[in-house]
Amino acid sequence: MAKALLAVVVVAVAAVLELGLVGANFQDQCDITWEPQNAKMTEGGDHLTLSLVSNSSGCMLRTKKQFIYGSVSTRIQLVKGNSAGTVTTYYTSSIGDKHDEIDFEFLGNSSGLPYTFHTNVFADGVGSREMQFRPWWFVDSIPIRVFRNHEKEGVPFPTKRPMYAFSSIWAAEDWATQGGRVKTDWTKAPFVAEYRDIGLNVCECPGSGSGSSSSSNSTSGDAEDPACAQRCATSDHWYAAEGLCQLSDKQLRQMKAVQLGYTIYDYCADAQAKGRPVPPECSMPQY
């Protein structure tokens, strides 16, 4: 997936988000690294809820495995009803200051108003590559974003550091909903995100960081692991297949249609419109 581009895919029916569908077990595959009292596993670990109970007490899940290449999938039912000021996340990240990260954040809203899909990419600790989307009524295996590998042109790309997969729920009423104008109604707490079907199909690269804090960006981080990255990138597993290095013609048409109709923020367009320096990748081939 990360060999030549990153394809961000969201699948949803109403408030149910499906990022792949490979069955596994949260209890066996994951640890709760922040506020474990706010997590609840049932059905032998096949079903999980993470709760936000106050503005300082949410919850975080982290996979036990670290990896560079592969696929991580789960189904998420976001907070129902009035979710203003809440953020539910699903992302991969290495540990440390110069971390790599591929980020989904689902920004809550008032009852009846749509979530915002917030995406970002970090490489060598540099992010600010946000794109945001409004969801359409039905989302079905449609890629919404690509971040190509332009390392040869000097643009960092997240294929060096072992990453965990994370999911969390936390409070951000100062900015998450309509720029912070709509605050969280704490009388509605707890706010609950529900999970099923965690799937890990990855090339494991164990790193050195403990990652035990509530933040995935702890300063005691993982170094680059070029040997493992090279082994995974050149393996005969599916995630090293040449066909995963680009979207199909159908996927490309779908993504362009989504970006044309539902993008509400693009860091490249924003920099250009405001006369700021435009990141170099913005003028390079995007697909």
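This is a predicted model: local features need pLDDT of at least 70, side-chain atom pairs count only at pLDDT 80 or more; totals for chains, interfaces and linings use all residues.
Biologist: Why is Asn109 called buried?

Modeller: Buried means under 20% relative accessible area, exposed means over 50%, and partly exposed is in between, with a 1.4 Å probe and protein chains only. Asn109 has 6% relative accessibility, so Asn109 counts as buried.

Biologist: Where is Asn109 found, and what is Asn109 in contact with?

Modeller: Asn109 is in the loop between β9 (101-107) and β10 (116-122). Strands (E, at least two residues) and helices (H or I, at least four) are DSSP runs, numbered from the N terminus. Contact means heavy atoms within 4.5 Å. Leaving aside neighbours within four places in sequence, the contacts of Asn109 include Gly81, Asn82, Pro114 and Thr177.

Biologist: Which UniProt annotation covers Asn109?

Modeller: The unreviewed UniProt entry has the annotation "glycosylation site" at Asn109. UniProt positions are given in the numbering used here, feature names are shortened, and annotations may be inferred rather than shown by experiment.

Biologist: What makes β9 mostly covered?

Modeller: In β9, 7 of its 7 residues are buried. Glu101, Asp103, Glu105 and Leu107 point one way, Ile102, Phe104 and Phe106 point the other way, and all are buried.

Biologist: How do you know that β9 pairs with β10?

Modeller: Two strands pair if DSSP finds at least two bridges between them. β9 and β10 have 7 bridges, in the antiparallel sense, and Ile102 stands opposite Val121 in β10. Strand β8 (residues 86-93) also pairs with β9 in the antiparallel sense, over 7 bridges, with Thr89 opposite Glu105 in β9.

Biologist: What makes a set of residues a nonpolar core?

Modeller: A nonpolar core is a set of buried Ala, Val, Leu, Ile, Met, Phe, Trp, Tyr and Cys residues joined through side-chain atoms within 4.5 Å. The largest such core has 39 residues, and Phe106 and Tyr195 are among those with the most contacts inside it. Strand β14 (residues 191-204) gives the largest share of this core, 6 residues. A second, separate core has 8 residues, including Ile68, Cys203, Ala229 and Cys232.

Biologist: Which residues of helix α2 are buried, and why are they said to line one face?

Modeller: In α2 (residues 226-233), Cys228, Ala229, Cys232 and Ala233 are buried. Seen down the axis of α2, the buried residues fall within an arc of 130°, so they line one face of the helix. The arc is that of the directions from the helix axis to the C-beta atoms. On the other side of α2, Pro226 and Ala227 are exposed. The buried residues of α2 pack against β7 (67-77) and β14.

Biologist: Why is Lys65 called partly exposed?

Modeller: Lys65 has 31% relative accessibility, so Lys65 counts as partly exposed. Lys65 lies in the loop between β6 (59-63) and β7. Lys65 and Met163 are 98 residues apart in sequence and 8.3 Å apart in space, C-alpha to C-alpha. Met163 is also one of the residues in contact with Lys65.

Biologist: Which residues other than glycine have a positive phi?

Modeller: Glu43 is one of them, with phi near 55°, and Ser128 also has phi near 55°. Glu43 is in the loop between β4 (39-42) and β5 (47-52), and Ser128 is in the loop between β10 and β11 (131-133).

Biologist: Why does Glu43 count as partly exposed and Ser128 as exposed?

Modeller: Glu43 has 49% relative accessibility, so Glu43 counts as partly exposed. Ser128 has 54% relative accessibility, so Ser128 counts as exposed.

Conventions:
Residues are numbered from 1 along each chain as its sequence is written. Side-chain values use heavy atoms; hydrogens and water are left out.
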